Amino acid sequence: MYNEINLEKIEINSDPPAKEPDRQYYFIAKCREWVREFERENGRCPTACVQTFGCQMNARDSEKLRGILGQAGLENCGKEEADFVLYNTCTVRDHANQKVYGRLGYLQTLKKKNPRMKIALCGCMMQEPTVVERIQKSYPFVDLIFGTHNIYKLAELLYCCLTERGMVVDVWDSADAVVEDLPAERKYSFKSGVNIMYGCNNFCSYCIVPYVRGRERSREPGEILAEIRRLAADGVKEVMLLGQNVNSYGKNLSEPVSFAELLRQVDCIDGIERIRFMTSHPKDLSSELILAMKECKKVCRHLHLPLQSGSSRILERMNRRYTKEQYLELVNRIRQAIPDISLTTDIIVGFPGETEADFEETLDVVRRVRYDSAFTFIYSKRTKTPAASMGDQVDPVVVKERFERLLREVQQISSQVCMRDAHTIQEVLVECENDHQEGYVSGRLSNNLLVHFPGDPSLVGKLVSVELTEPKGFYYIGRMVDRTEVENEWIITDDGAVCGDKEAI
Ligand code: 5AD
Ligand code: SF4
């Protein structure tokens, strides 16, 4: 296991081992030697900065990248004025790519001031050959490019980039093995993402993810549970189980395990108090999982269930493999089993061939389900995907108008839904001091909504009881309540009176 490895004992003058992860520890030790040399020459430690673009998977990958850099002896400074800057990129929509190209211009100006600076790019965008070609041609000051399948190799690539001239490019088409036991530097001490699987087999017709993240690979349950036990021992209270389609977890293991079974096993780990997961595909959400969510006390009352479109015709063109009716029926079953669940979703507007009638179907689902919140996206054409070659792309003016209508509807509904919990007392995991109001801290409810309330920084990382005094649409203002008040089931009502029965309010 990683924690037991003594880097100082690695023989760095012999050849690198062929086996992973030993090979990477060898290169971590080699980088340390380079760092010591840098310190002697410059009188300071070299600094590193990892910037994340995109989703929770990328955020977790960045923690691993920071962990490797930290072990290699670089000081993570969080600013782009660093000696080693790494962008962990996203390519799910074109906008994400444009952001990276824009930032590269800025990095070039920084490199002119610090010629020792190394610029590296990794992640989903680098899996696209056209992107790599463009960078090689138009951004020759970039020093290192690697993809999604070999992030575990950062130490080796870093050593190569620090000691050789020219751009190092190492992008793999696929990965068959999952390399375990490498360091990670967590952003929060009390919560952590945990990858349970990589890649996606669904090939939704608009989506580039299966092309850049490869086929579905599940981690062994034993490895996942061991990682979560280590996290719990390290003070982590909340875990987010991560995968592009967690509902199909375990199907390709030599001894298949369902996601519901995994959830029940995580629920038994002492010290873990909250379990979240992301993302669920509606077509794979089983009754067994609904039951596990209902029965596992630590599983949060929140489910992200991407709709994408409310029109069965468009869903078929999207290759989502469910209809509007099946989606609504699934929502009903979930709500019957877990009435207080918060539902959130992703919706794409302007998919090729979307008519006004199709869009109305999407609005209809939004009105029926009444999501707690929804991420809304304008369809973005992605190379290689089947949707990119569909002839009937929608006029951007029409798309924008629909997008704004959808956003208004979603926001109006979510601010009404948010009222639901006003004046109840709920558990909040405190995440940080509040940036805007001194003396306040911010945390999340089980259903993922933010709550700001008066409190001191010592509360960060703790679970506390908070009365939700003011609903603000997308968040609450609250006040902390003494545990004994809650244990006695005392509820403070609107007019400040205290009563002993939640139902009476
Ligand atoms: N255009 C717009 N949105 C997309 N998404 C994925 N691919 C595209 C695309 N080509 C959205 C989906 C998905 C979320 C992560 O990103 O809604 O659920
Ligand atoms: Fe993309 Fe569909 Fe896979 Fe999600 S399930 S990552 S939208 S292909």
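# Chat notes on a predicted model

Reader: What does R321 count as, given its relative accessibility?
Author: R321 counts as partly exposed, because its relative accessibility is 48%. Exposed would need over 50%. Keep in mind that this is a predicted model.

Reader: Where is R321 found?
Author: R321 is in the loop between helix 10 and helix 11.

Reader: And what is its phi?
Author: Phi of R321 is near 65°. That is a positive value, and R321 is not a glycine.

Reader: K384 has a positive phi too. What value, and where does K384 lie?
Author: Phi of K384 is about 80°, again in a residue that is not a glycine. K384 lies in the loop between strand 14 (373–378) and helix 13.

Reader: Is K384 buried or exposed?
Author: K384 is exposed, with a relative accessible area of 60%.

Reader: Now cis peptides. Which bond has omega near 5°?
Author: The one from E20 to P21. P21 sits in the segment before helix 1 (22–42).

Reader: What about the bond between M278 and T279?
Author: That peptide bond is also cis, and omega is about 0°. T279 lies in the loop between strand 11 (274–278) and helix 9 (287–295).

Reader: Let's zoom out. How many helices and strands does the protein have?
Author: The protein has 14 helices and 21 strands. Its radius of gyration is 24 Å, close to the 23 Å that the globule rule gives for 505 residues, so it is as compact as a globular protein of that length.

Reader: What are the spans along the principal axes?
Author: The C-alpha trace spans about 75 × 60 × 50 Å.

Reader: What share of the residues counts as buried?
Author: Of the 505 residues, 54% count as buried.

Reader: And what share of the contacts joins residues at least 24 apart?
Author: 72%, among contacts between residues at least 6 apart in sequence.

Reader: On to helix 12. What is its reach?
Author: Helix 12 covers residues 356–369, 14 residues in total. From its first C-alpha to its last it reaches 20 Å, close to the 20 Å expected at 1.5 Å a residue.

Reader: Which of the residues of helix 12 are buried?
Author: They are D358, F359, T362, L363, V365, V366 and V369. Down the axis of helix 12 these fall within an arc of 155°, so they line one face of the helix.

Reader: Why would residues a few places apart point the same way?
Author: An α-helix has 3.6 residues a turn, so residues three or four places apart point the same way.

Reader: What do the buried residues of helix 12 pack against?
Author: They pack against helix 10 (312–317), helix 11 (324–337), strand 13 (342–349) and helix 13 (396–418).

Reader: Which exposed residues does the face turned away from that buried side carry?
Author: A357 and R368.

Reader: What follows helix 12?
Author: R370 does, and its phi is positive, near 55°.

Reader: Ligand 2 next. Which residues are around it?
Author: C200, N202, F203, C204, Y206, C207, V209, P210, Q244, H281 and R320.

Reader: How many of the shell are nonpolar, polar and charged?
Author: The shell around ligand 2 divides into 7 nonpolar, 3 polar and 1 charged.

Reader: Now A175. Where does it lie, and is it buried or exposed?
Author: A175 lies in the loop between strand 6 (168–170) and strand 7 (191–195). At 15% relative accessibility, A175 counts as buried.

Reader: Which residues does A175 contact?
Author: H149 and R217, leaving aside neighbours within four places in sequence.

Reader: Last one, H452. Where is it, and is it buried or exposed?
Author: H452 is in strand 17 (residues 450–454). H452 is buried, with a relative accessible area of 15%.

Reader: What does H452 touch?
Author: Not counting residues up to four places away in sequence, H452 touches N434, Y440, V441, S442, Y475, Y476, I477 and G478.

How values were computed. Residues are numbered from 1 along each chain as its sequence is written. Chains are lettered from A and ligands numbered from 1 in the order in which they are written. This is a predicted model: local features need pLDDT of at least 70, side-chain atom pairs count only at pLDDT 80 or more; totals for chains, interfaces and linings use all residues. Side-chain values use heavy atoms; hydrogens and water are left out. Helices (H or I, at least four residues) and strands (E, at least two) are DSSP runs, numbered from the N terminus. The expected span of a helix is 1.5 Å times one less than its number of residues. Buried means under 20% relative accessible area, exposed over 50%, partly exposed in between (1.4 Å probe, protein chains only). The arc is that of the directions from the helix axis to the C-beta atoms. Contact means heavy atoms within 4.5 Å. A residue is near a molecule or strand if one of its heavy atoms lies within 4 Å of it. Ala, Val, Leu, Ile, Met, Phe, Trp, Tyr, Cys and Pro count as nonpolar, Asp, Glu, Lys and Arg as charged, and the others, Gly among them, as polar. The radius of gyration is taken over C-alpha atoms; the globule rule is 2.2 Å times the number of residues to the power 0.38.
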